[in-house]
Amino acid sequence: MVSITLRDYSLIYPMFHGSARSFKKSLFKGVRQKLRDRQAVGGSIISQSDTTVVVALDTLSLDIVSGERVGLIGHNGAGKSTLLRAMAGIYESSLGTMQVEGEVHALLSPQAGMNTDLTGRENIRLYARVLGLSDKATKRLEEEVESFAELGAFMDLPVRHYSSGMAIRLGFGLTTSPRPEILLMDEWFMAGDSHFQEKARDRLTRLIECVRILVVTSHSLPILREWCTRIIWMEAGRVRMDGPANLVIDAYEAAGQG
Amino acid sequence: MSQSPLALAWDDIVSGLRRWRLAAMLGWTDIRLRYRGSVLGPCWLTLSALVMVASMGVIYARLFHMVLKDYLPFLSLSLALWQVGLASLLQESCTCFTEADSMIHAMKLPYTLQAIRLLVRNAIVFAHSIIVPIGVFILYGVWPGLVSLASLPGLLLWCVNGYAACLLLGPFCARFRDITPVVAAFMQIAFYVTPIIWQPGQLGARSRYLLLNPFYDMMELVRGPILGHLPSLTMIGISVGLSVIWCGLAFMTFLRTRARLAFWV
């Protein structure tokens, strides 16, 4: 059964800055702290002046079952992308439990793992290897992406020479080729020229029809209305509202967020 | 996802090994990109090793009053083994995760894949730089014989230790960015106190203390057989013992840091 289940799931994200990146300073600070603690009476407070701890996801409990098309909305920094990354297995946390049943594929950034020094074609081959495709399937992927991206001679040039639109076309064609059970998608797919956007929507719609669960973040409410059956409105790592698409989006717009 | 850290770390290692083909492709790509646009390609490695051996060989043979015929095979082999097998393996293990940050943030792949990638990369470099010692051996008609095959277990041990270095130094250097230069400085010192450009015999009676230098023991494990003498049991004992400790430490580090690596890189 394809499903995503979260129980009291929290994710704490450390951000190091200043001397927190230095082993020497961290070590000395620890020793100094110990000495100070010995003199002080009472409990010890751990000073973490150079490490900011961000509670990106705060005791989330969710059940997403097969057939659901879930949209995540909320401010920048509400935890949407972090939640996607956690579901994709990139971020891990031992606080609470998360169970993802089913084969997951994540579209997190248009350059997802692409090496900009390699040519478009080489990137396709590398990606095919990441997906564990056979030689025959690799060939098929190559042809398919080539015809979709319409890069012409650029296909054999390093990706670093591409315009950003071209890079997105390649990345889009590549990452949307597998047919997973669970698709996680960040909002980057809105880029590109209008001709491309039409093609992209076509391709995405076909992809979405294949998957059992879709989780997508976006700021584009019309698209979410069209695609999603359920919207989760996130705020500061927590669920503010969760329900049928139109209901939540109306509330979201009413709150002046749209 | 509610598996224990031990199961997850073990799973990471197993699935990393299972995807060796991807790791090999990544390692090979690294080398290709490093030398893309140069006519000689990775043969630059061979050429630079050649220049280094030729210039150092002539000068140091003079300084140490040694015959080129004896000294040059030793020097060329030592340099090749040290530079690739020990120095660059350890040095690169520090950045094996931080350099793969975009990949780590983009998709779920075993972390140990990066360690295998590094081994593959260094194996390719090694294949290019070992040409010089082979050439020198042929030039001076030095033929070590079948005993040189005894260096293969040593090479295998190097690989295992290099893999472990990635799991130990990789997370540590990702968390604390000032460790990488420390390791570089340390390797610089190790280069001079280990018999690479000088021979252990030159220390005279005190050469027995060299056993305490783990780099020497590890070096002799591979270099000895190629030069025609087997390493002593003490050396093997020290090397294997230290490797077990090293790998143990590496696994413990990986076990404790794996879940947080994505935040650190």
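# A quick tour of chains A and B

Let's start with one stretch of chain B: residues 155–172 are 100% helix and 0% strand, and the C-alpha atoms at the two ends sit 25 Å apart. Keep in mind that this is a predicted model.

**Annotated segments of chain B**

- An unreviewed UniProt entry puts the annotation "transmembrane region" on residues 39–60, 119–143, 155–172, 179–198 and 233–255 of chain B.
- One of these, 233–255, is also 100% helix and 0% strand in the model, with its end C-alpha atoms 32 Å apart.

**The largest nonpolar core**

- How many residues does the largest nonpolar core have? It has 128, and Met87(A), Leu184(A) and Val215(A) are the ones with the most contacts inside it.
- The top contributor to this core is helix α4 of chain B (residues 68–94), which puts in 15 residues.
- Take Val215(A) as an example: leaving aside residues up to four places away in sequence, it touches Ile64(A), Val70(A), Leu72(A), Leu84(A), Met87(A) and Leu184(A).

**How α4(B) packs on α7(B)**

- Helix α7 of chain B spans residues 131–139, and α4(B) packs with it at an angle of about 165°, the axes being 8 Å apart.
- Angles over 145 degrees count as roughly antiparallel, so that is how α4(B) and α7(B) run relative to each other.
- The crossing of α4(B) past α7(B) is left-handed.
- On the α4(B) side, the residues involved are Leu72(B), Pro73(B), Ser76(B), Leu77(B) and Ala80(B). They meet Val132(B), Pro133(B), Val136(B) and Phe137(B) of α7(B).

**How α3(B) packs on α7(B)**

- α7(B) also packs with helix α3 of chain B (residues 43–63), here at about 50° and with the axes 9 Å apart.
- Roughly parallel, roughly antiparallel or oblique? At that angle, α3(B) and α7(B) are therefore oblique to each other.
- Thr46(B), Ala49(B), Leu50(B) and Val53(B) of α3(B) make this contact with Ile131(B), Val132(B) and Val136(B) of α7(B).

**Where chain B meets chain A**

- The contact between the chains draws on 20 residues of chain B and 27 residues of chain A.
- On the chain B side, α2 (20–34), α5 (101–106) and α12 (261–264) each supply at least two residues.
- Which helix gives the most to that side? It's α2(B), with 5 residues.

Definitions and conventions:
Residues are numbered from 1 along each chain as its sequence is written. Chains are lettered from A and ligands numbered from 1 in the order in which they are written. This is a predicted model: local features need pLDDT of at least 70, side-chain atom pairs count only at pLDDT 80 or more; totals for chains, interfaces and linings use all residues. UniProt positions are given in the numbering used here, feature names are shortened, and annotations may be inferred rather than shown by experiment. Helices (H or I, at least four residues) and strands (E, at least two) are DSSP runs, numbered from the N terminus. A nonpolar core is a set of buried Ala, Val, Leu, Ile, Met, Phe, Trp, Tyr and Cys residues joined through C-beta atoms within 7 Å. A residue is buried if 20 or more other C-beta atoms lie within 10 Å of its own, exposed if 12 or fewer, and partly exposed in between; C-beta atoms are placed from the backbone. Two residues are in contact if their C-beta atoms, placed from the backbone, lie within 7 Å. Axes are lines fitted to C-alpha atoms, for helices over the stretch in contact, and angles run from 0 to 180 degrees between N-to-C directions. Angles under 35 degrees count as roughly parallel, over 145 as roughly antiparallel, 65 to 115 as roughly perpendicular and the rest as oblique. A crossing is left-handed if the near helix is turned anticlockwise from the far one by less than a right angle, and right-handed if clockwise.
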